[in-house]
Amino acid sequence: MSEQPATPPGTHEKREHWSGQTAFILAAIGSAVGLGNIWRFPGQAYENGGGAFMIPYVIALLTAGIPILFLENAIGHRFRGSAPLAMRRVARRAEGVGWFHVAICFVIGLYYTVIIGWAVSYFFFSFNLDYAEDPATFFARDFLQLGEPGTVSLTFVPSVLIPLVAVWVVTIVILALGLHNGVERLNVVGIPLLVVTFGILVVRALMLDGAAEGVEALFTPDFSALRDPQVWIAAYGQVFFSLSLAYGVMLTYASYRRRRSNITAPGLVVAFGNSSFEILAGVGVFATLGFLAHQQGIAVADLEGLTGVQLSFITFPTVIAQMPGGQIFGALFFGSLVVAGLTSLISVLQAVSSALQDKFGWHPRGSAVAVGIVSAVLSVIGFGTTTGLFLLDVVDQWSNQLGIVAGAVAMIAASLWFAGRSSELQRHLAAVSTLRPGRGWLILVNVVALLLLSMFVQKTTTLINDGYEGYPGWYLAVFGWGTLAFLLAAALAMPLLRWRRNIARFHVWPTRAQLGLPDHPHDEYEPEGRPR
Ligand code: PFF
């Protein structure tokens, strides 16, 4: 496929479009760069032996992250729809896979907002260093007013609730403004802003006493850890979460690109841009931790409390309180979390809203407002209470650790193994892109699927046998396995509802003939582009 096939058909679908390639790249980076980069990556790196993590991480990026990103982009771009519509065009019976992804996005939106809400509060707390005296107690007792783990309470916590509602209002407004005026603008302003604020933060962190020891801890390789499968699983998990892969988000974003668009080269920009930011965040966080270790007179490896929530809301405030100019540092850190989080949150909700528009023919604005309001209400009821943190912990574990792996395998299995679209997708990418993936790409995707399948089995067995973090069995049954049941129910039930538009009114381009392939038995549209 050295030549681009001529003439994309005049489009009669009223799909929204990015204003150009840069807008797409910024939006995709906006989705990828999120809480996962700033707080999850350093925590994962730390838990998995610091320097030991970098090698598996880079290998995971090259062998799984980039190949799956290409796959999702190819499906979205070729079949021009949200996850359910695009998967339905891959094969009639694959629609449910798309709904599974949409349901995960819906669930994630419910609690991702909550963390952004906390960051909003901490942004303001930073100016007076309200949390300085005893950050751990402040976070659990004064701020979250935590109840008992493994219980359900409907006592709302105003300090959590008010910022949460504010985040929802902002989110709904941005979504309702539409792809171009809302989502795109947020990213075009937000991503450069984020890079600047976070850049200042990292430079400041590097000037702290002990910073060098911290950074050294991140980059000193520990080759023995490469023999530990857990380190590899963590690296692959981090790459998936961080690149927003297998959520149907990258698929949806690619569906808003024009037909004649280079897919792979911008994909590489997104993947390397995301990882660069991640490593930048790692440097900033580890430099800061180096300072903390220096203050306490211990080694970086002996610090405690460095995973997600604790890292951002307890350890960082501890450092901020001890550092000259802590107020500004705190505001920059939590402000960055808010911006990074918001651009990711918007992407998951857009994936849900887009699916409902496609299925029910809803107007983008109506769909955005409906999704926003329903999510906001559920999010407030579930997570605005004294037990919200525990619910978040459990729902995240099941949807993000288990659901996402299942969703990724299902997407690959449906499109490549059952519908036999391997050559079509590979040739599609090659026909429209400057960088042309070959057979090697397909081999990688297939191997990754097998790897993910084994991760899924292993994770499920562990959760069944050992439970999770000591929560009572009934709690995990209802909120953990219940989450998975909800995802499955969505995947099974939604395809039963009727499409409110004629999905066969669709031109595929380049046609299979242009790609040198025979007709596909599952195609429901005219191969030559004439609607049936
Ligand atoms: N990639 C985001 C992060 O690193 O925080 C999280 C995320 C956003 C995951 C969007 C999934 C998603 F669809």
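Predicted model: local features only at pLDDT ≥ 70, side-chain atom pairs only at ≥ 80, totals over all residues.
User: Which residues of α10 make the contact with α2?
Analyst: On the α2 side, the contact uses Gly36, Asn37, Arg40, Phe41 and Gln44. Facing them from α10 are Ala234, Gly237, Gln238, Phe241 and Ser242.

User: How many aromatic pairs does the count come to?
Analyst: Rings pair up here if their centres lie within 6.5 Å. By this rule, the count comes to 41 aromatic pairs.

User: What kind of pair do the rings of Trp18 and Tyr256 make?
Analyst: Their centres are 5.8 Å apart, with the planes at 85 degrees. Planes over 60 degrees apart count as edge-to-face, so this pair is edge-to-face.

User: How many residues apart in sequence are the parts that this pair ties together?
Analyst: Trp18 is in the segment before α1 (21-32), while Tyr256 is in the loop between α11 (249-255) and α12 (264-296). The pair therefore ties together parts that are 238 residues apart in sequence.

User: Is Tyr256 buried or exposed?
Analyst: The cut-off for buried is under 20% relative accessible area. Tyr256 has 1% relative accessibility, so it counts as buried.

User: Over which ring does the charged end of Arg89 sit?
Analyst: The charged end of Arg89 is 3.8 Å from the ring centre. That ring belongs to Phe506.

Definitions and conventions: Residues numbered from 1 in each chain as written. Heavy atoms only, no water. Phe/Tyr/Trp six-rings, centres within 6.5 Å; stacked < 30°, edge-to-face > 60°. Helix = DSSP H or I, 4+ residues; strand = E, 2+ residues; numbered from the N terminus. Buried < 20%, exposed > 50% of the residue type's maximum accessible area, 1.4 Å probe, protein only. Lys NZ or Arg CZ within 6 Å of the ring centre and 35° of its normal. Contact = heavy atoms within 4.5 Å.
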